[in-house]
Amino acid sequence: MTKDKKYQIQDRNYKNIFSSKGSIKQFLQSFVKIDIIKYINFDNIEIILNKSFLSKELKKNESDIIYKIKLKEPYSDISVYIIILLELQSSKDKDMLYRMINYTSLMYKDLEQMNNGNLYPILPIVLYTVSKKMEYSK
């Protein structure tokens, strides 16, 4: 089996796991350590699969999984969009920050059109799967 084929299978398996509403709840509560997580209404999750964006350069950009999640009372009129990118690579990608900024800005363009100009928070998350610990410099 080729390396690319192996990564395609792993990518598909991770997408299947994260296509479960229970999995995203467990993942966010276990690994994402920011305050907004405690305000999420996990009973109201909409999973948006196979979302693709077309940038100005006409390059197709795909986001692996996008979730639209409502917040709990008294913030229930606010939705949070969570973008999870599954990156199956063995080293850090120096351009990942720029890719996430690009996905997020394109998503804001879509949201603006879909919601009559109303914008909601977007939480981009990158999940790396690597065979060894990656070192990051600060």
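Let me start with a word we need: a residue is buried when its relative accessible area is under 20%. Keep that in mind. And note that this is a predicted model.

First, helix α3. It covers residues 96–114, which makes 19 residues. From first C-alpha to last, α3 reaches 27 Å, close to the 27 Å expected at 1.5 Å a residue.

Which residues of α3 are buried? They are M96, M100, Y103, T104, L106, M107 and L111. Look down the axis of α3: these buried residues fall within an arc of 170 degrees, so they line one face of the helix. An α-helix has 3.6 residues a turn, so residues three or four places apart point the same way.

Now the other side of α3. There, Y98, K109 and Q113 are exposed. Just after the helix comes N116, with a positive phi of about 50 degrees.

Next, the cores. The largest nonpolar core has 19 residues. F27, L28, Y67 and I82 have the most contacts inside it. Where does this core come from? At least two residues each are supplied by α2 (21–31), β1 (40–54), β2 (60–71), β3 (79–88) and β4 (122–129). Strand β2 gives the most, with four residues.

Take F27. Leave aside its neighbours within four places in sequence. F27 is then in contact with F18, V32, I84, I125 and L127.

How values were computed. Residues are numbered from 1 along each chain as its sequence is written. This is a predicted model: local features need pLDDT of at least 70, side-chain atom pairs count only at pLDDT 80 or more; totals for chains, interfaces and linings use all residues. Side-chain values use heavy atoms; hydrogens and water are left out. A nonpolar core is a set of buried Ala, Val, Leu, Ile, Met, Phe, Trp, Tyr and Cys residues joined through side-chain atoms within 4.5 Å. Buried means under 20% relative accessible area, exposed over 50%, partly exposed in between (1.4 Å probe, protein chains only). Contact means heavy atoms within 4.5 Å. The expected span of a helix is 1.5 Å times one less than its number of residues. The arc is that of the directions from the helix axis to the C-beta atoms.
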